[in-house]
Amino acid sequence: MVANTPEQEFETRELLINMGPQHPSTHGVFRMVLGVDGEVVTDVVPYIGYMHRGAEKLCETMDFRQGVGYMDRTEYLANFNAELSYVLAVERLAGIEVPERAQWIRMILCELNRLSSHFMFTGAFGTDVGVFGTAFVYSFREREVILDLFEEITGDRLMYAYFRPGGLAWEVPENFETRVHEVLLSARHGIREMDSLLTENEIFLARTKGVGAISAADAVDWGMSGPSLRASGVPLDLRRDDPYLYYPQVDFDVITGEAGDVFDRYHVRLREMRESVRIIEQCMEHLSDGPILPERLPRMLRTPPGEIYERTEAPRGEYGIYLVSRGGNRPYRLKVRSACFSNLQALRDMTIGHYVADAVVILGSIDIVLCEVDR
C-alpha cells in the first residue's frame, strides 16, 4: 500500500540556449542567446563582433584606390554595390565626372550582383525553412552563371576591385552584351523555378506566413532598410527616392509587402529579381561606345578637405559611406553604414513569442552578411 504524499511543487525556470557562434543557420560567425519557456522564445540577446577586422581603420591607411578592395571584403555577396558607394563618395568629394559608358556598366553589374545575392538568399532560405535542399542547388546553379560573367570581366569570382574613382579598372570584354543577355535568359528561368518551388509550397507557407512580423512604424524606428523594410509596406528605395547613376532614366517598380513577416521578406526579394532583369535590359539599350575613365585623371588621386556621406540601395538595404578628408591621397576618417547591422537590431522584436525553430527562419529572412555587420 502506497502512502499518500503531498503534492510536489515544481519551479519553472527560463532556459538559455546558445545558437552559434558556429551554427549553420547563422550564415556566418554570429551568436544569439535564446531565453525559452518550453519551445517558446521569451528573449533574444544577439552577440556580434566575431568577424571584426578593422576594415574602416585600414582604409584610412590606404590611398583612395586601394580602399576599394576593403569594400569587397565587407560585403562579399554584393561586392559591386559596396564598391559603388565608396567610389561615388570619393568622386563627389573630388569633383570627378564619370564617363557615361562607365556609369551604365556600373548599373548593369550592380543589378547583376543584386540577382546573384538574392539567388544566394532564396537558396539558403529554402534550406533554413526545411522545405528542400533542391532550392539551394537551383539557386547556386543560377548564381554560378552570373559569377562566370563576373570572372570574365574582372578576373575574379568574389573580390572584384573593378570599380575605380572615375570609372572602371578596364574595359569589359568584346562579347559583354551577348554574355549579359545569356545570363538574363538563365536568370529568368531560375526565378521561375524558385517561385514555383517555394512560393506556393504548403510547408513553406506554414513556416513563413505570420512568423516574425514587424510593423512599418517599428521597422522605421529600428532603422531598417532594403527588402526587410519594404516587406513591412514602406516604399523606400534609394534608386528612386535618392537616385544615383542613371536610375531616373529607367523604369522599375518598388516592391513592397503588407504583413512584414518572413514570407513577405522572401517574396519581396523574389519579385525584386524580376525588376533587376528589367533594369538591366534597359541599361543594355542605353549602352554605347565611349571612354570608361576621364581623360585627365591623376595617377595619385587627391581630394580637397571636406566630408561626404554617399549611400546606395544595396541588396540588403542602405549601404552608406561617410568619408572625411583633410586633403591628400587617403581618407582621414571612413565609416560604413551597414544595412545588415541596422536590420539585425530588430531581431529581438521579431523573434519573441515564436518557437525556437522559427528563430532560425526569422534570422535567415533578414539576409545578414556578418562581415558587413562587424567590419
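**Close-up 1. Helix α3, residues 79-94, and the residue that follows.** Helix α3 has 16 residues and reaches 23 Å from its first C-alpha to its last, close to the 22 Å expected at 1.5 Å a residue, where the expected span is 1.5 Å times one less than the number of residues. Helices (H or I, at least four residues) and strands (E, at least two) are DSSP runs, numbered from the N terminus. This is a predicted model, in which local features need pLDDT of at least 70 and side-chain atom pairs count only at pLDDT 80 or more, while totals for chains, interfaces and linings use all residues. Residues are numbered from 1 along each chain as its sequence is written, and side-chain values use heavy atoms, with hydrogens and water left out. Because 14 of its 16 residues are buried, α3 is largely enclosed by the rest of the structure; buried means under 20% relative accessible area, exposed over 50%, and partly exposed in between (1.4 Å probe, protein chains only). After α3 comes Gly95, whose phi is positive, near 70°.

Close-up 2. Strand β7 (residues 317-325) is joined to β8 over five bridges, and Val324 has Arg333 in β8 as its bridge partner.

**Close-up 3. Strands β1, β2 and β3.** Strand β2 (residues 31-37) is mostly covered, since five of its seven residues are buried. Five bridges join β2 to the antiparallel strand β1 (residues 15-19), and seven bridges link β2 in the antiparallel sense to β3 (residues 40-47). Leu34 in β2 is the bridge partner of Ile17, and Leu34 also has Val44 in β3 as a bridge partner. The hairpin of β2 and β3 has two residues between the strands, and in this hairpin Gly38 takes a positive phi near 70°.

Definitions and conventions: Two strands pair if DSSP finds at least two bridges between them.
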